[in-house]
Structure formats: C-alpha cells, structure tokens
Number of protein chains: 4
Amino acid sequence: MMRVAVVGGAGYIGGELLRLLVGHPEVELAAATSRSFAGRAVAGVHPNLRGRTELRFCEPAALGEYDLLFLAAPHRETMRRMPEFLGHAKTVIDLSGDFRLRSPEVYADYYGVPHEAADLLDSFTPGLPEFHREELRTADRISVPGCMATAGILTLAPVARAGLVEGEVTVDARTGSSGSGATAGPGNLHAERSGALRVFAPNRHRHEAEMAQATGLTVRMTASGVEAVRGVQVLCRVRLADGVDERALRAAYRTSYQHEPFVRIVAERRGLHRFPDPKILSGSNFCDVGFSVETGSPHALLIGALDNLVKGGAGNAVQAMNIRCGLPEHLGLEFTGLHPN
Amino acid sequence: MMRVAVVGGAGYIGGELLRLLVGHPEVELAAATSRSFAGRAVAGVHPNLRGRTELRFCEPAALGEYDLLFLAAPHRETMRRMPEFLGHAKTVIDLSGDFRLRSPEVYADYYGVPHEAADLLDSFTPGLPEFHREELRTADRISVPGCMATAGILTLAPVARAGLVEGEVTVDARTGSSGSGATAGPGNLHAERSGALRVFAPNRHRHEAEMAQATGLTVRMTASGVEAVRGVQVLCRVRLADGVDERALRAAYRTSYQHEPFVRIVAERRGLHRFPDPKILSGSNFCDVGFSVETGSPHALLIGALDNLVKGGAGNAVQAMNIRCGLPEHLGLEFTGLHPN
Amino acid sequence: MMRVAVVGGAGYIGGELLRLLVGHPEVELAAATSRSFAGRAVAGVHPNLRGRTELRFCEPAALGEYDLLFLAAPHRETMRRMPEFLGHAKTVIDLSGDFRLRSPEVYADYYGVPHEAADLLDSFTPGLPEFHREELRTADRISVPGCMATAGILTLAPVARAGLVEGEVTVDARTGSSGSGATAGPGNLHAERSGALRVFAPNRHRHEAEMAQATGLTVRMTASGVEAVRGVQVLCRVRLADGVDERALRAAYRTSYQHEPFVRIVAERRGLHRFPDPKILSGSNFCDVGFSVETGSPHALLIGALDNLVKGGAGNAVQAMNIRCGLPEHLGLEFTGLHPN
Amino acid sequence: MMRVAVVGGAGYIGGELLRLLVGHPEVELAAATSRSFAGRAVAGVHPNLRGRTELRFCEPAALGEYDLLFLAAPHRETMRRMPEFLGHAKTVIDLSGDFRLRSPEVYADYYGVPHEAADLLDSFTPGLPEFHREELRTADRISVPGCMATAGILTLAPVARAGLVEGEVTVDARTGSSGSGATAGPGNLHAERSGALRVFAPNRHRHEAEMAQATGLTVRMTASGVEAVRGVQVLCRVRLADGVDERALRAAYRTSYQHEPFVRIVAERRGLHRFPDPKILSGSNFCDVGFSVETGSPHALLIGALDNLVKGGAGNAVQAMNIRCGLPEHLGLEFTGLHPN
C-alpha cells in the first residue's frame, strides 16, 4: 500500500487523479491540497466521490512525506516550487506543462516566459508508458505529456519511428471544455461555450512543441474547442514515404501497440465506429488510434482519440505510477467507457 | 422613426434587445450603455450583429434624451436609479425584476431586501400584451415580466380567468443557461453546466410570486436548469373544477389567444411536436401553450414554452413598445424559429 | 465463476449488461444473443468493449444452459417466450416490463394489451435490492423495475413507509434518449431529439404504475425527454403529514439507506451539487436521493437521480445477481461516475 | 408576387426553403410536395411554421405551373426527373448534388454512379451569388452548391483567384447532424450521434470535388460530424506564395467581399469570436470567413463558417432567386443569427 498525495486536487485533472486513486486497491490517498478549498470535503468539490472518501482538502503548507506525490498545479508555479515538492516524496509525477519540454529555449518560445528551473529539466522522464516504460520503472521524476500532445504522439510516433512519413505533418486537434480547467471565465461560460466550434489556437499551441519533440517530425497544429466536456481527438495529415501503403501503416501500429494495455487500433472499412472517437472513451484510459489512406495517393489521415483527463492526464499518471511501483499496469484503470454516452 | 436607447446592453437580455432593435424598421438605435465595455463596438460583444451596426457602447453617464428607454440593468440597481432613468425618456420599459411585483412586502419577501422605490410601483404597467394591451397603448412606465413568469402566466391565466381550476397549482419550470446572465461563475461554467439537470430553486423562486400575482392562483414552483442555452418550459399541474373537460380548456385558450399574434395553442393527439417545446422557439417571439387532461380524472397538465430572451424578455419588451407607439405589433418580431435546431 | 448469458445483447440495456459482465470478476460471459447481429463481434456493436471481449452475438436458438440468464428483450416478446427462457438457466433476471406489475389488470390497463403469462407473475421477485434483499438471496425469477420507476420508488418509498406523506404524489420524470432504446426512428433522430424538452407522456406512463404498486401511494407522473443520452431524474411533490419536518424526512431516508452501498442522500443547504443530478452518475450504479421542504409549509420536494442504463437497469440487475449468488454486492459495480462529465 | 413551389418540402433543406419563402414578402408559396406527407399540413412536419402557413403537402404528381421551382429532392432521383421538373416552371433552382459538377466523369468518380442527364450539365449556373451574380440575373437553371462546398469555396476562392496560394490545400470540414437529412437511421440516432466526433469521410467527400472545380486548387478534404444540429465550419490549410502576408490575404478577401451582403470577414487578434464559428450563424444567411498566418512562415489557416441549411442551402437558393427576379438581394434573409445560442 503506497501513501500518495495530490497537489492541486480541486481542479479537473486533480479531481480525476482523486477519482482514480480513491478506487485504486494499492493506494492510500493520504492528502490532497487546495488553497481555495482547504478544510472542505473533497466530495463537496467532486460530487462523484460522495460516499467514496471522507478526505478533506488541506493547505499546501500542510503536506508531509509520502511515497509518491502527484502535481496538478499550474505551470510557472510548478517550476518555482519544484524544489520544495521534491522534498515531500521520493517519486514525483508532474502534470503541469513545466517539465515536458527538454529545451529551455523551446519552452520560452512556446510559453512566452523563461524557464525558471532549467537545471531540473533533464532529470524528468516523460510519463508516456508506451514509449518510456523501461525508464519509468526506476524514474523518480516523471512529467506527464499534455492531453492533445498525448493523442498526437501516440498517433504519430509509430509511423515516425518506422520512417513511414516524410515532410511536415499537420494536426487538427479538437478538445472539450474541461481542458481549459475549472476556473470560470468568459471563454468557458456555458452560454458561450456550448455548441461552439472555436479555433482558439490557429497555430503555435504548446502541445505542438511536445509532439515535435517526441516524434522528430515538423508538426503544424491547430486547436479547436468543440461541444464536449471531455475528449480530445487529433486528425493528422501525413504524406507517406515511397511505397508505404495501408498495410505498412497497420503493421507499424501493431508493432508499437499489440501488447499495450491502453492503446487500441481502430481502423475499419465501415461502420459508425470505424475511426477513433472520444465519445465512447469518457472515463477510460484508452487511447484509440486509426488511419485511412486515400487509394492511389501518398496521403494518409491518422486519427487519435482519448479522454483528456484520463489517458490525456490523470490516467496516464496513474499508469506511470503503476509501472514505477511494480504494480500491474492496469490497476485502478479498468473502466472501459460507456456506449452509448 | 423613434430614437431608442438601451441601458445594460452587454448582457444577454440587453444583447437581444439590440438584435431586435437593429432590425426594427421604425427604430433608430441611438445608444447602448455598458460600464464594462464602454467605447467598444457592440458587434464585438454580440458577434451576431457584425455588419449590422456600427454602434459603440457608451457609459451610462453619457445617456441623453430618447423617445424610449429600455432598461436591462440588474435588480436593486434599477430601483435605485429609476428616478434618473425616467429623466432620459418619456417612455421607459424595464426588464429588471424591480417593478414587477405590486406589493413591496411581497418584493421584500421574495428578493430578500426592502424595496427602495415603493412609491413608483403603482405607476408601472405590466409589459404583457396579451393581458394589458389597452393599458400599454398609453403606458409610459412598463415592467416586463420574468422569463419563467411569462411562460407561467400565459399558460395559467386563461384557465384561471375562466374559473376552470381550483386549489393550488404546481409549476415545474425548466430553463436554459442564458437565463442566469452573461457573468461567468462556477455555476455556469460549461463543464459544470453542460448536461446538468440542476434543481436550483426547489421553492420560492421569484417568478412564482409573479405568477401568483397575475393569475390569483396559489402557485408552487420549482426551477431546474436543463441543457440548453435558450428556452423556458413550464409544466403546470392543475385540478379542474367540476365538469371542466379538455374541450373547455381549449375553449378558454381560444378565447384568450385566438387573435394573439404571438401565442399559439399546441395540444395535439400525437406526434413529436404535440406539446410546446422551446427547442423550436429560439429567436422567435412565440409562446406556445398546450394542455392534456387525463381521461376520467380532474387532473390536467398545462404546458408553456418560449425563448427566455425573446418572448420571455426582449421580444416582449419590443412588442410592448410597438403597442405603445401605435406600430404594427409584430414589427421586428417576424422570425419564426428554426426546425430543426 | 458463474456462466452467464444475455438475451437481447445488442440493445442499450443489453450492451450495458455486457459491459458490466465483461468486467465482473466472478462471471464468465458465455453468450449474448441478437437476431440482427448474430455472428458479429459484440465489440463491433458496442465499441467501448473493444479489446475487452472476443465474444460474438449468437442467434437466440443457439442458447444453451447457464447458471444465470439476463433478459433484455422487448416486452410482449418476453412474456411469450418466458417458458422457453426458464429452461436455459435456474435463475432468470428479466429487464423487460412484462413481470414488473403484479396485477394482470393493471398490466392490461397500462400496456394496452392483455398479459399472456399471468400465471407466472407471482413467481417473480422485484429486482430492487434496497427493498427486496432477503427475497433476492433465494429468488430464481427476478424482474428489474423500470428506469424512472426505480428512481421514483427509491425516492418515495422511505417516506411512504414511514407514513410521512399524505394524499397524492406528483412526479415529474425527465429522461435521456437512451431510454427509448437503440432502434432509430423519427423521435430519436439527433436533429429532432437534440436539445428537446419533449413531454412524451403527460400522464399514464407505465412506470407510474410501478411506483404506485411499490409505494402504495397514488402517483401522477409526467415524463419528459431532456437533452442527455443517459440519466433519469424525478421530482416528486408530496404533502407532508402533520408535524413532519425536514429532520423527519432525513431520518426516514437514513433509516432506509444508511447501509445501502448504492443509494446516497444528497440534500444540502447550498452549492451546485446540493440536489441529485444524473449528470455525475453516468456509468455508476448510484441512485442519489434528496429533498427540500418549504419553510413553514407542508410541501416537500423529493428528488431522485440515476443512470437509466445502470441503477435504472443493468446495474440493478447485476446487483441483484450478486445478492442471489452470495457475492459481495458491489462486485463489478465500483465505477463512481465522472466529474466533470 | 412570384408563384413558387418546392419539391421535397418535408426534408430539412426543403423545410428551410419553406421557412424562408413563407416569410418572403414577394413570394406566394403555392405548393410543396412530399410523398410521405402528402395531404398533411406543412406546419405539422415543420412546427416552427405553425400559425404562419396553412399549406398542405401535395403529391409530386399534383404540381402545376409556377414562376419558379425549388428542387430539394435526393440526388439521382433529381437527374432522372429533371426533364419533368423543367416543365413546371421557367426557372428551376436545384439543391441536389446532381448538377453541381460540370464533368460527368468527375460526377461518376465521386458519386459512384454514371450521370444520367449529362447533356443538361452545361445549362446550369452555380447558385453562388458571390461569384456568379451576373449570370444569375438571367439564369433559368441554377444549381446550388453543397453546404461544405459553399463554405470551402467562399473561404478559398478569393485567395485562389488572387494567386496567393500554391500547392495543395487541405480542408478539415465539420458539420452538424442536419446535414445528413431527416431520414432516421443508426448513424443519426441521438444516443449515437450526440457528442460524436465522427470522421465520416476521411477523404473523397463529394464536396471536395466542388471546391476543386470552383477554385482550381487541388483540395484534400476530410469531413467530421460534430455535436450540433446546424452548422458547417471549414479549416483550410494553405501555403502562401512568396511574399504573401496577412495584409495581402485581408486585401484579397476585402476585394471579393466588401460589397457582399452575406459574407463577413472575421479575423481578429483576440477575443472569443475572433474567427468564424457557426454557433452564432444558425438561421442566418451569413458566411463568415477568416484567416490566420503563422508569423514568419508561409502557412496560413483560412476558416469559413455558415449554417448548412441557410447559406449552405436554402438561403443561398433564395438569394439566387432574389437576384434572378430582380429583387433586393437580402429580401427574406434579414435574420442576423442569435447570441448567445
């Protein structure tokens, strides 16, 4: 039984961590911090946890020592306080954006501020089990990728690694409203956000840099808010290298994912569900990836989908924890998703 | 051509007034105030008006003299500033809650604060054309009913006036998110509000008092937020007086509404659209009312639906203006609503 | 390990049974029938089960012998084929409407057709653990209540049994679109159903009869479709008996539910989540019940919420199976629901 | 006053035509055909028209002679019956896909069937006022482009004509559910379609061919269903020619659209509404177009949005009719759209 704490438990990623940890058979959820809600019941903020936990939020200052600490704090604040956080647990899993990019220059470029803990960057392992499982078994500083980045990397990396694509990749990313967090503002007001098709980042979204770093590809990404609370979908357009066909694509995905517990290949000839759709993934830790090649052309569409709060955040973090702690990888992550939903 | 101004033009009711006034052939929209957006283009806040108006918001202090002034300011502020507002136009149409209830005691009871301009209450005429048309022709102080109140009154008044019901009435009111206004907060955050079935007023909602005042009935009302941006629906349960049947109900509604331009009787035997549904009313000034009587029983369900921002607010106000100014009543209110939507 | 089969596995209740059974540690899912999809992979119809089961649908005629058989077939067909079904397993759990009502007269009245297996009616035990747990331990014929009926019964029965209410009860039931099943028609076409507030049963809904039978109360129920795929909410208006106050209501609910694993009392003074809302219950087996009493009045509002496919159907059935088979009651039903969702 | 009829009035495009024609001051709506609903009131099928028209659907065989005939019939059937249709009116405006593509080979390629009235293809003028206004003044056979095609063409044509882009263009098109019509099936069942992000055409969508034909560009298009009833949005990625910057893009759009009544340029630096979003366009005849250029790069994102049933269909057809008949172009098309919605 591991003693675990969560920093920033009142947000949406934090709440999802709490949901998964409360139901995890090998975890004792020892603390969750929230400045705004310190002293209040966790289940008062996350009503799905009523009857499942009596825990109350505490002030960050009240943190003690734990086997493992999850960080769901804002970027900038996270890098500033990282030295302090590292004192509370041997293993730290960070879900902010601050330790995802290896290069402080790229960070400054995409985040618009200088990195304030650049010396720590190299010590973090990417919390993406599919491509860093061996490192994660012993990693004590883990940085979980962004939600759209995770979808993009899981969709692009197999074909990039196999050398199947050439030239630039364009990514059309769509996301639900929970991706912008639990703080109310004009942009996520229901009457404004409901039914929106809002291109909120025509280019230079931060997750673009993560995709490029992880795949070695030149990526051009746009991000749109769509009508959903949860869910991310990426549509990636690639040009296939000479002689690459659909069969080669499928083989590359199989090579990467046939033993993966949480990546499914979804690419069928017909049917309503022939391609990945986040609609059926809410609450699950699956990332579905698929592809379609235009007959007689070198153009392929690669599609990925996941729940931004689970495989795109908290679920991925718990999967990384399971690996780090030598637990069965699927523990606490068994929920399959709903159909219909 | 009338010169008209709107106080509080950046909110949702204010924005809807602007939409209707910009398209009104007999109105010159001379000013719209907004403290937060003074100096900015109206169409920057209400993007549906792009290309339709070059007007910019002004400070309230910049108001001049107009033929008619619409007030879409918050309650409390409205009653405090009413003497000032009355100086800007001969005719004032108020959409706040402050001048809807005749009795300052009832106001204090339902609003939780004392009325601060009780001496003015008697000078206001209800802005409900269906039951106050003659008074409205000469009224210079008009108070438009609340959105759920309008639906409830239009649904209940015909049967109340005809003496067809006895005992208490219960009203189950459902509303979209725009009813809570354009100010962001935890309750209307998209991720929280989307898909909600939120009983936000189990009893004692302010609109209950309006329904009681207008119909003379004892009304018990609950209010729920449902997944919609626009739309109000009321389900009213009544006990019919001895000998009253469905035919009598229909006759009462016909008597009240057969010549009304904006009330339709919707009560059919079958079909998807047999009863009023706000889904098809977005943007239109219709209030649809219907009914169903349980065979062999004295229990009837009366149903009303409207767009809370149009017939439940701005549209009703424009209809009242048309009456007051001797214009054709439907002017600027021709939009029929969409199907599907 | 129990060998279990599902009749009617391609529908929404059937699919939800399959989801729960695939994840159930003490169940071997041996067969699922579907006339339309016989021979096709279960995961092709219910894409959330991809990677979780290799099972294919079979023809009903291919059914063998099982420890337990779930029936998710249409009403009428179920009563006709019940003798046949009873031959396939010692224990049968039926989710159709055919064996819920004890009286064939009431059945004929509400279903509009005569009951064709009236002699079997008495042999069925209601699949509602909260009020029939002891009987369920040995029951071999179990009939699970309807979705809105379950919400209504769980909300009303504690106060009815404690004698806290008098007179008639009115129930305003709201339901998502999955309640009408997986067969496409004009009424559940997305463009028509999306955003609808459709009063589809102004009175005499079949679940009304179930509520009346289970609580002994006179119930008047309306049913409305609201914008949601999953979810049922009931608003029940009751008149409290002399001297009954909010404290007495709370005590009655506590008496009934304090040891129940899947009923939570949700009745708080304030907050977005002060009353039950199905929004946070999708996929979970919880039924949340709450109440509000108007100060100084005998009128109370009782509110219940659940996921129609889980606690309102398949989850309830699995809970009944667990009880019948001596398993821990929560087995396979641990999912807490999501926030936000 | 023109006497006008609509073939296929029970579908969604047909219904939208009826809405616009009923409200058009210079049109007498003389007939609307529907095989399924012949004899039934138009307002029974399109409930938004209650109180606005007493017209009943008639059999196609009952068609007489009109000044102008709108065709909202399925493709294939339209080309087969076109000779017959041409006998009912001097001017015919077709909204099917059959007469949009000039080349019978391209038609066969994209529609999968041979064209059956290829000799008529040349006689049709594209019903896109922005680029065919002069021809439309005298055209008697008009073919209105597809909904996604209209958005794509209006977004791409100005920059293509000005020679500002080079190489292939990729188009990510998103559409609401009304685009698939009023016939119920598994794909548009509410429980399946609600909240979906469904890539239903990874490539080779028919509207791709229309965009290519109208712009001369090589277009690669994907089409996704998103959660909405109405609305189309296209995201077009282009490579700018040497020396082309944002200013040049804006100039090209201004040149094309500054005098257009129904195209607005929406490309701002910031704000929730900085780019085109169909959310605020429901019911309106606007197509909003915008753009964003990545600083220091030749990559631009061009964005278009419209209501698929209005500017993407019926509204465009009415605008073409106004032009053809010498009427003010905006007649009957004044509705601005709603905010919020």
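Student: How many salt bridges are found across the interface of chain D and chain B, and what makes a pair count as a salt bridge?

Tutor: The rule finds 2 salt bridges there, and it asks for a side-chain nitrogen of Lys or Arg within 4 Å of a carboxyl oxygen of Asp or Glu. This is a predicted model, in which local features need pLDDT of at least 70 and side-chain atom pairs count only at pLDDT 80 or more, while totals for chains, interfaces and linings use all residues. Residues are numbered from 1 along each chain as its sequence is written, chains are lettered from A and ligands numbered from 1 in the order in which they are written, and side-chain values use heavy atoms, with hydrogens and water left out.

Student: Why is the pair Arg50(D) and Glu268(B) called a salt bridge?

Tutor: The closest N and O atoms of Arg50(D) and Glu268(B) are 3.2 Å apart, which is within the 4 Å of the rule, and therefore the pair qualifies. Helix H1 (residues 12-22) of chain D gives the largest share of the side of chain D that touches chain B, namely 3 residues, where a helix is a DSSP run of H or I with at least four residues, a strand is a run of E with at least two, and both are numbered from the N terminus. That side of chain D divides into 14 nonpolar, 11 polar and 9 charged residues, with Ala, Val, Leu, Ile, Met, Phe, Trp, Tyr, Cys and Pro counted as nonpolar, Asp, Glu, Lys and Arg as charged, and the others, Gly among them, as polar.

Student: How do you know that chain D and chain B are in contact, and what area is buried between them?

Tutor: Contact means heavy atoms within 4.5 Å, and by that test 34 residues of chain D meet 34 residues of chain B. The buried area, meaning the accessible area (1.4 Å probe) that two parts lose on being put together, summed over both, is about 2900 Å² for this pair, with 58% given by carbon and sulfur atoms. In chain D the residues that lose the most area to chain B are Arg50(D), Arg52(D) and His339(D), which together make up 24% of what that side buries.

Student: How do you know that the copies chain D and chain B meet through the same surface?

Tutor: Of the interface residues of chain D, 100% are also interface residues in chain B, so the copies share the surface through which they meet. A rotation of 180 degrees with 0.0 Å of shift along its axis superposes chain D on chain B.

Student: What makes domain 1 and domain 2 of chain A separate entries, and how many salt bridges are found across their interface?

Tutor: Their bounds come from an automatic or database domain assignment, which gives domain 1 (2-123) and domain 2 (147-308). The two domains bury about 1200 Å² between them, 47% of it on carbon and sulfur atoms. On the domain 1 side, Tyr12(A), Arg100(A) and Tyr110(A) lose the most area to domain 2, together 52% of what that side buries. Across this interface the rule finds 3 salt bridges, and Arg230(A) forms a salt bridge with Glu16(A), the closest N and O atoms being 2.7 Å apart.

Methods. Least-squares fit on C-alpha atoms with pLDDT ≥ 70 in both.
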